[in-house]
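Here are my notes for you, with the structure open alongside. Take the points in order and look each one up as you go.

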Amino acid sequence: RSNRFERMFDGAHLFSDEELAPTENLDFHDNVILNCGDDGIETDGVGSNCRIYNNVFSNVLTGISVAPAALGPTYILRNTILDWRTVRSSEGEDGFFHGYPIKLNHAMRESPWTSWGFLYQNTFRSEWPDVDGFQFSYYWYYWTNIVSRNNIFAGTRYAMQNVDDRCPIDFDYDD
């Protein structure tokens with residue numbers, strides 16, 4: 001808690017890579033994460049009953065990567081993620097990789113899926129040109145049981161973009 005992470009590729013990696021030894025009962029809160037080359041926080045791996053709350057992110061490609069955050073639950077509460085950006089990339093359909101506040105996607109169906117993620121009362125806002133407030137990533141989809149409540153999603157292209165509905169999210173009372 002109460003740390004500042006700045007000018008790193010990834011700000012923090014929180015979860016274990018071992019299914020037999022998951023990260024459990026972790027609180028990551030009241031931190032400031034600025035100017036990261038990729039993810040502000042990665043929960044990529046295996047975790048259970050972990051909470052990420054009251055953090056501020058700015059100028060990141062992705063605010064919080066939950067890709068995959070297996071077992072669950074992972075709680076993402078009252079964070080502010082600002083100004084995620086776009087970078088040139090050969091992987092993007094238009095020659096760019098459009099960043100987003102929360103990344104749920106991962107590439108392999110065989111590995112554990114992102115499961116039981118709860119996004120409550122977060123503010124996601126970017127003024128970077130041509131980004132979405134929330135995006136269902138373009139071709140990697142393996143998540144289940146994601147719940148979003150009382151969040152604000154604001155981008156400069158779309159508030160929300162979904163190119164496929166194979167792994168839905170339960171949205172309610174979001175703006």
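1. Start with the chain as a whole: 52% of its 175 residues count as buried. Buried means under 20% relative accessible area, exposed means over 50%, and partly exposed is what lies in between, using a 1.4 Å probe and protein chains only. The accessible surface comes to about 8,400 Å², and 49% of that belongs to carbon and sulfur atoms. Those areas come from the Shrake-Rupley method with a 1.4 Å probe, and for residues only the protein chains shown count as cover.

2. A word on what you're looking at. This is a predicted model, where local features need pLDDT of at least 70 and side-chain atom pairs count only at pLDDT 80 or more, while totals for chains, interfaces and linings use all residues. Residues are numbered from 1 along each chain as its sequence is written, and side-chain values use heavy atoms, with hydrogens and water left out.

3. How many helices and strands does the protein chain have? There are 0 helices and 23 strands. Both are DSSP runs numbered from the N terminus: helices are H or I with at least four residues, strands are E with at least two.

4. Now for contacts, meaning heavy atoms within 4.5 Å. Take those between residues at least 6 apart in sequence: 73% of them join residues at least 24 apart.

5. Two strands pair if DSSP finds at least two bridges between them.

6. Phenylalanine 124 stands opposite phenylalanine 153 in β21.

7. Is asparagine 122 buried or exposed? With a relative accessible area of 1%, asparagine 122 is buried. Leaving aside neighbours within four places in sequence, asparagine 122 is in contact with Ile76, Leu77, Arg78, Asn79, Asn150, Asn151 and Ile152.

8. Another open sheet of 6 strands goes β4-β8-β12-β17-β20-β23, again with parallel pairing. β4 and β23 (170-172) are at the edges, each with a single partner strand, so one side of each is left without a neighbour in the sheet. Neighbouring strands are turned by 10° against each other on average, direction ignored.

9. You can follow the bridges across this sheet. β4 (residues 27-29) and β8 (residues 50-53) pair over 3 bridges in the parallel sense, and histidine 29 has tyrosine 53 in β8 as its bridge partner. β8 then pairs with β12 (residues 74-77) over 4 bridges, also in the parallel sense. There, tyrosine 53 has leucine 77 as its bridge partner, and arginine 51 stands opposite tyrosine 75.

10. Next, the rings. Rings of Phe, Tyr and Trp (its six-membered ring) pair if their centres lie within 6.5 Å; planes under 30 degrees apart count as stacked, over 60 as edge-to-face and the rest as tilted. By this rule there are 9 aromatic pairs. One of them is tyrosine 75 with phenylalanine 118, which is stacked at 5.2 Å centre to centre and 15° between the planes. Tyrosine 75 is in strand β12 and phenylalanine 118 in strand β17, 43 residues apart. Tyrosine 75 is partly exposed at 24% relative accessible area, while phenylalanine 118 is buried at 14%.

11. Tryptophan 116 and phenylalanine 118 have ring centres 6.1 Å apart and planes at 20°, so this pair is stacked. Tryptophan 116 counts as partly exposed, at 38% relative accessibility. Ring pairs link Tyr75, Trp116, Phe118 and Tyr120 into a cluster.

12. Last point, the cysteines. How many disulfides does a search of the whole structure find? The search finds 0 disulfides, a disulfide being a pair of cysteine sulfur atoms within 2.5 Å. Cysteine 36 is buried at 1% relative accessibility, and cysteine 50 is buried with a relative accessible area of 1%.

Note on methods
Axes fitted to C-alpha atoms, helices over the stretch in contact; angles between N-to-C directions.
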